[in-house]
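Hi,

Here is the model I promised to pass on.

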Amino acid sequence: KQWYQRRVAITAGDCEVFLIFCVTEMKVLIVCVLLGLSQALDNLQWDANCSNIDPLARDYVEKKIATNKVYLIGLSYCGWCTWARDYIVKMGFSSPDIEVENLNDLPSDVPGDFKMDIINYAYCQYSHMKTVPQVFLNHKFVGGASDTRQAYYTGAGGKAAYKSGAVTRRKYKKNVKKAAIAFVDDGVERSSAGTYFVLSKTHCPHCVAAKACLKEARVPDSDIELYEINDFQTHDEIKLYKARITGSPFTPLLAYNGKVLMNHTELVKATGCNSTTTE
């Protein structure tokens, strides 16, 4: 038998989803790989209680946030926690900069209730998330795994690394360039599932035209991954990389079905919209 495996999505509830196509039998099997998200916290029997914050847990978490460049609350068997940490390293933080608080690995003399008081305080004060990881960069709450990846893509994470003193300005600039390229390349790859990846600027006329085309073609919002890059630290490098790919540095950057669309005409062909906007 010939088997083909294709990655479909990074985020699908609490798992990654892969479609495995068996050519000879034409069967589709969906394999859900659990990565220790909300289920992991459920296993620890945690119920949020914001009316009963433990002052010791509060002081403990606040000290961790204040004294570490990166503070990550997670679990040792949480795949998304490892995934987030990998992006944190790409931002420029090194191992000594990263304090990982695996709730299941705290010393045995730490009461189980205190472990839950830690995540309860983080939930009530910062995250309102019942999943891990919960990530703080340079003393500020960022979010979970997907938020951490987005902080890398936008350059906000790299800037946090630079401001914290984790990297030099020269290294920061190199990391921003790498992040911009990864943002584009990963987005184009994700569009292989038959979706649109769009990097836009709010008042850019061609961006407005592209979004109007997608709307006219009735492309569902769920099939459009759209980012307004006006304030991204990676903004300039994204435009430079787009110039290398398409010959033009100007937004929008468009991709569909795993391919960069070279211009508005290609978007019209892909969607079937009636737009006649000039290049």
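A word on terms before the strands: two strands pair if DSSP finds at least two bridges between them, and helices (H or I, at least four residues) and strands (E, at least two) are DSSP runs, numbered from the N terminus. Please keep in mind that this is a predicted model, in which local features need pLDDT of at least 70 and side-chain atom pairs count only at pLDDT 80 or more, while totals for chains, interfaces and linings use all residues. Residues are numbered from 1 along each chain as its sequence is written, and side-chain values use heavy atoms, with hydrogens and water left out.

Strands first. β4 (residues 70-74) and β5 run parallel, joined by five bridges. Within that pairing, V70 sits opposite I98 of β5. To get from β4 to β5 the chain passes through helix α3 (residues 79-91), giving a right-handed β-α-β crossover. Right-handed here means that, with the strands pointing away from the viewer, the path from the first strand over the helix to the second runs clockwise.

Now the charged pairs. Searching the whole structure turns up six salt bridges, each being a side-chain nitrogen of Lys or Arg within 4 Å of a carboxyl oxygen of Asp or Glu. For burial I use relative accessible area: buried is under 20%, exposed is over 50%, and partly exposed is in between (1.4 Å probe, protein chains only).

K64 is buried at 17%, whereas E99 is partly exposed at 23%.

R190 and E225 form another salt bridge, at 2.6 Å from N to O. R190 belongs to helix α7 (residues 169-190) and E225 to strand β9 (residues 224-228), so this pair ties together parts that are 35 residues apart in sequence. R190 is buried, at 18%, and E225 also counts as buried, at 19%. As for shared partners, salt bridges join K64, E99 and E101 into one network.

There is also a salt bridge between R58 and D59, 3.1 Å from N to O. D59 is partly exposed at 43%, and R58 is partly exposed at 36%.

What about the nonpolar side? A nonpolar core is a set of buried Ala, Val, Leu, Ile, Met, Phe, Trp, Tyr and Cys residues joined through side-chain atoms within 4.5 Å. The largest one has 56 residues, and F93 and L199 have the most contacts inside it. α7 supplies the largest share of this core, eight residues. Counting contact as heavy atoms within 4.5 Å, and leaving aside neighbours within four places in sequence, L199 touches residues including F183, V184, Y227 and I229.

Last, H235. H235 is in helix α9 (residues 235-246) and is buried at 11%. Its side chain makes a polar contact with the side chain of K201 (3.1 Å); that term covers a pair of N or O atoms within 3.5 Å where, within protein, one must be able to donate a hydrogen and the other to accept it, and residues adjacent in sequence count only if both atoms are side-chain atoms. Beyond the neighbours within four places in sequence, H235 is in contact with K201, I229 and N230.

Cheers
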